[in-house]
Amino acid sequence: MEYVKVAVEENGEHEFPSGVPLVEVGEKISPKVTRKAVAAQVDGEVVDLNTPLYQSCRVGFVPFEEEDGAKVYWHTTSHVLAQAVKRLYPGARLGIGPPIKNGFYYDFHFPEPISSDDLELIEKEMEKIVQEDLNIEKLVMDKEEALEHFRSQGEAYKQELVEEMQEGESISFYRQGEFMDLCTGPHLPSTGLVKAFKLTSLAGAYWRGSEKNPMLQRIYGVSFPSPKELKKHLQLMEEAKKRDHRRLGKELDLFSLQEEGPGFPFFHPNGMVVWNELEDFWRREHRNAGYQEIKTPLLLNSSLWRRSGHWDHYRENMYFTSIDEQDYAVKPMNCPGAMLVYLSNMYSYRDFPIRIAELGQVHRHELSGTLHGLMRVRSFIQDDAHIFMLPGQVEEETAGIIELIDRFYRIFGFSYEVELSTRPEKSMGSQEMWDRATSILKNVLEDKNISYRINEGDGAFYGPKIDFHLQDCLDRTWQCGTVQLDFQMPEKFDLTYVGQDGAKHRPVIIHRVVYGAMERFMALLIEHFAGAFPPWLAPLQAVVLPLTDRQHSAAGEVVERLKVQEGFRVEGDYRNEKLGYKIREAQLKKIPYMLVIGEKEEETGQVALRQRGKGDLGPVELDYFTGKLRREIEEKIII
RNA sequence: GCUCACGUAGCUCAGGGGUCAGAGCGUAUCCUUGGUAAGGAUAAGGUCACCGGUUCAAAUCCGGUCGUGAGCUCCA
């Protein structure tokens, strides 16, 4: 008999007969780990637990708790889903069914569209498949066999996938009972191991992600090794929804969305406080970083948009109107306006870099189905800036912007992801320009040791860009900051400067935003803080609570002092309610501080301080409180 | 834009071919003057998103429009 040497992680080297299934190796050497394993690893590659070993190798076992393990678990659950669907709807055609960040999905073409009520029925069938505890086995076919299989089953989508595979490639399948699916795996050894699952939603999804293709129905789900974990996960999702900015926006009276203006948000007084603080902070920081501010018109003649390229590349997103029989467009971007400002002067190379910022309101016609609270709207204010510079200044300027963005995000306590987006299909300019611009951005990121993902073909039509993404309450990411290099606009607008040689030269432009869109950034802030803003942003920083109406005048004096003399955002709650009621209300409004004034405080001149989330802090001198609050505001401390 | 779901009082939601449309919270008035997350009473509030159809009768069933949600596509 032949033997293979198996090195098991942390457990030395052992010999087994050739062809031994991995799971047996595990059971002999580390039974505890193996019992929890959902897959194995052979020389770093994740494989099925029952994979036989024919060569000496290093193995490990992967539990559900590891990302790779969860992926296997969810992937198998998606196969159980597909099997259930095929049993209940034999005419359904299979799309694809991968694991994703928080679960899995499977795409189907149903003969008659199903509705979300049908998910329950499918869950019941899935339960049966789990009860049957079907063995899951891997098999391999060549391309011809695979094609024949799907052709005979009428699985047109699967057939399409196989057709695109290499001739002679061996194609792997997984079978469980009567159900067989094209799949690279790996999978759990049997369906009985799927202990707890839930189908969470039903949605449409284009076949292979292209709107030119038919729309399939996508069923989303999630699963766990125990009902307890599933329940916990679902509870976490519920908790996360409480941080939804649309909900908090209503509860805290920050903003509203009205039927009369889909995608055009209304900001209420509380929301405007946050907004203005964000703008004030932004202006201060940009002044310090050497920016100047401009403002350009919302409506501009169509000739400008033809010149800028927006007419050709961005028209379907623009709004139009006419003035005195001339065509005008509502600006979808601020850059052309900024170009006109640049053109109104002559510049020397000595003037560069020139940093011109604009909190500019843009309107874009986004598809109705994409609108989402403040995150995705049809009118928003970009904290834009256009930097005009010599070609040799690009790297330094880019680095400076990245540092600025990092400083901003850190103050709010955001962590972020970076993407480098390259040339899209619809774009202008030569390939050399694009290559040069892209490699400059890449160099800066690498110099600064920033890890980033490449987003192929997602650049702006005039240049490549570095994007900064933030996460919302459900871990969905949204693009906020962006740095875009542009060699096109200077050409289009014939921008020049006078060089050392006295001749005219072409400057380079960087477009950039830090917040991105004020609306989106605010939405993310609301979710990030769950509505409990740090004092510098909070619409109300403190509320003064008189215990009875005998303290109203004392409370009024404290409010007066804090509000008028110290400049804090403070109100008194003079309603005829008990203290507990007022405290509860202030707590729900997420006001950072509550100052209680009763008989005792009236006598001592102190206030009983209560901090949101921390509870009663006892009596303090008013001066102590003003000092504390002032410091927290100035240093933008997150409490 | 596409797929599925939803739209009832300021908010959160119940109800559902036939009394007069329901609750809690909030609001107003009155009572209560209370020490750290809801004191009590009374009252006001709705063309059941909009338009059409079916029916003796529609908030309820059907169709369309608008809006919203999840997702796809697209994007800050």
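Around RNA strand B lie 64 residues, and Y206, S368, R376, Q479 and N576 come nearest. A residue counts as near a molecule or strand if one of its heavy atoms lies within 4 Å of it. This is a predicted model, in which local features need pLDDT of at least 70, side-chain atom pairs count only at pLDDT 80 or more, and totals for chains, interfaces and linings use all residues. Residues are numbered from 1 along each chain as its sequence is written, chains are lettered from A and ligands numbered from 1 in the order in which they are written, and side-chain values use heavy atoms, with hydrogens and water left out.

Start with the RNA. Of its atoms within 4 Å of the protein, 50% belong to sugar or phosphate, and the rest to bases. Individual atom pairs show each kind. A polar side-chain atom of Y206 lies 2.4 Å from a base nitrogen of RNA strand B.

Helices (H or I, at least four residues) and strands (E, at least two) are DSSP runs, numbered from the N terminus. By class, the surface near RNA strand B has 23 nonpolar, 18 polar and 23 charged residues. Here Ala, Val, Leu, Ile, Met, Phe, Trp, Tyr, Cys and Pro count as nonpolar, Asp, Glu, Lys and Arg as charged, and the others, Gly among them, as polar.

Now turn to Q551. Its place is in the loop between β31 (542-546) and α17 (552-565). Is Q551 buried or exposed? Q551 counts as buried because its relative accessibility is 1%; buried means under 20% relative accessible area, exposed over 50%, partly exposed in between (1.4 Å probe, protein chains only). The side chains of Q551 and E602 are joined by a polar contact of 3.2 Å. A polar contact is a pair of N or O atoms within 3.5 Å; within protein, one must be able to donate a hydrogen and the other to accept it, and residues adjacent in sequence count only if both atoms are side-chain atoms.

Finally, the sheet. Five strands form an open sheet with mixed pairing, in the order β2-β1-β7-β4-β5. Two strands pair if DSSP finds at least two bridges between them. β1 (residues 3-8) and β2 run antiparallel, joined by five bridges. Y3 has P17 in β2 as its bridge partner.
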